[in-house]
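Thanks for coming, everyone. Let me put the structure up, and then I'll walk through it from the whole fold down to single residues.

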Amino acid sequence: MTLPPDRLDRFARHIVLPEIGGAGQAALAKAKVVLIGLGGIGSPALQYLAGAGIGTLVLVDDDTVDATNLQRQTIYGGGNVGSSKAELAAVWVHEFDELLDARAVATRITSENAVGVIAGTSLVLDGCDNFVTRLAVSDACVAARVPLLSAAVGRFQGQVGAFAGHLPDQPCYRCFVGAAFDADDCDTCAEDGVLGAMAGWAGTFAALQAIRVLLAPLGGLGDAQWGKLHVLDGLAPSLRTMTIAKDPACNGCG
Ligand SMILES: [Zn+2]
């Protein structure tokens with residue numbers, strides 16, 4: 001696959017990087033990435049994934065824009081309050097780069113519909129705000145054999161982890177959190193607060209890790225870092241990395 005001249009110009013600063021090159025940019029153009037949640041993590045992640053020329057973006061969010069979102073959800077403005085985040089995100093992509101394919105899915109992801117949304121894609125980036133959705137997404141990723149980047153943020157802390165539970169030796173997200181959260185909705189932003197720039201750091205770091213995963217088969221930025229959870233501390237500031245083990249008794253992938 002060769003990129004046409006206008007695309008070579010657009011992505012010239014990527015292509016000159018030996019870690020990406022023409023082959024890497026072509027791989028990004030062929031990739032299909034599902035974003036679960038177009039909020040504080042999904043908005044900046046989408047901006048950098050679209051900027052990177054990810055060819056197909058599936059944009060999943062059943063929520064509408066609220067005035068309290070605007071402090072961190074960077075693709076929306078005051079005039080968008082009350083409108084569908086998934087549909088606004090698709091419009092944002094079309095205006096940013098008309099050659100990218102952006103598909104809005106303005107429904108809530110459940111254990112019933114998750115596999116249908118995820119199957120056949122390259123990668124899922126989950127930046128949603130509740131554990132019920134996160135676990136449904138994780139189980140669907142294992143079933144559909146699609147890798148998962150899971151990103152979360154609260155106050156001044158962020159977490160970004162890469163999971164490939166469909167592989168025999170690699171953990172899934174459920175290996176990390178267990179089944180304890182199955183029934184709880186743990187959105188704490190409303191009660192605890194979150195610094196907007198902290199959500200931006202987690203979201204753009206997730207976009208970086210997404211590109212790492214997508215380019216891993218080519219060598220790219222190194223290995224995919226399955227089972228590595230990066231913990232971002234905005235107050236210190238610091239970044240530390242934990243390794244998650246596969247749980248042989250996991251309900252998702254064991
Ligand atoms: Zn597991």
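One definition before we start: helices, at least four residues long, and strands, at least two, are DSSP runs numbered from the N terminus. With that numbering, Ile75 sits in the loop between strand S2 (56-60) and helix H5 (85-96). We'll come back to Ile75. Keep in mind that this is a predicted model.

Overall picture. The protein has ten helices and eight strands. Its radius of gyration is 17 Å, close to the 18 Å that the globule rule gives for 254 residues, so the protein is as compact as a globular protein of that length. The C-alpha trace spans about 50 × 45 × 40 Å along the principal axes.

How much of the chain is buried? Of the 254 residues, 50% count as buried. The exposed surface comes to about 11200 Å², and carbon and sulfur atoms supply 53% of that.

Contacts next. Take pairs of residues at least 6 apart in sequence: 66% of those contacts join residues at least 24 apart.

Charges. There are 17 positive and 26 negative ones, and their mean positions are 7 Å apart.

Helix H7 covers residues 131-144. At 1.5 Å a residue, its 14 residues should span 20 Å; the end C-alpha atoms are 19 Å apart, which agrees. H7 is mostly covered, with ten of its 14 residues buried. Among them are Phe131, Arg134, Leu135, Cys141 and Val142. Note the arginine in that set, Arg134.

Helix H10 runs over residues 196-215, which is 20 residues. From first C-alpha to last, H10 reaches 29 Å, close to the 28 Å expected at 1.5 Å a residue. H10 is mostly covered too: 16 of its 20 residues are buried.

On to the loops. Start with Leu38, in the loop between S1 and helix H4 (42-51). Is Leu38 buried or exposed? Buried, at 0% relative accessibility. Leaving out residues up to four places away in sequence, Leu38 touches Ser43, Leu46, Leu59, Val60, Asp61, Gln73, Tyr76, Lys85 and Ala89. Cys250 is 212 residues from Leu38 along the chain, and their C-alpha atoms are separated by 29 Å.

Back to Ile75. Its relative accessible area is 11%, under the 20% cut-off, so Ile75 counts as buried. Which residues does Ile75 touch, beyond four places in sequence? Ser43, Leu46, Gln47, Asn80, Ala89 and Trp92. Ser43, Leu46 and Ala89 are on the Leu38 list and on the Ile75 list. Gly42 is 33 residues from Ile75 in sequence, yet C-alpha to C-alpha the two are 9.4 Å apart.

Phe156 comes next, in the loop between S5 and strand S6 (157-163). At 29% relative accessibility, Phe156 counts as partly exposed. Its contacts outside four places in sequence are Leu195, Met198, Leu232, Asp233, Gly234 and Leu235. Leu195 is 39 residues away along the chain, and the C-alpha atoms of Phe156 and Leu195 are separated by 6.2 Å.

Last item: backbone geometry. Most residues other than glycine have a negative phi, and most peptide bonds are trans.

First, Arg145. Its phi is near 60°, a positive value in a residue other than glycine. Arg145 lies in the loop between H7 and S5. With a relative accessible area of 53%, Arg145 is exposed.

Then Gln225. This residue is not a glycine either, and its phi is positive at about 65°. Gln225 is in the loop between H10 and S7.

Where is the cis peptide bond? It runs from Ala236 to Pro237, with omega near -15°. Pro237 belongs to the loop between strand S7 (228-233) and strand S8 (238-243).

Methods:
Residues are numbered from 1 along each chain as its sequence is written. This is a predicted model: local features need pLDDT of at least 70, side-chain atom pairs count only at pLDDT 80 or more; totals for chains, interfaces and linings use all residues. Side-chain values use heavy atoms; hydrogens and water are left out. The radius of gyration is taken over C-alpha atoms; the globule rule is 2.2 Å times the number of residues to the power 0.38. Buried means under 20% relative accessible area, exposed over 50%, partly exposed in between (1.4 Å probe, protein chains only). Contact means heavy atoms within 4.5 Å. Accessible areas come from the Shrake-Rupley method with a 1.4 Å probe; for residues, only the protein chains shown count as cover. Lys and Arg count as positive and Asp and Glu as negative; His and the chain ends are not counted. The place of a charge is taken as NZ of Lys, CZ of Arg, CG of Asp or CD of Glu. The expected span of a helix is 1.5 Å times one less than its number of residues.
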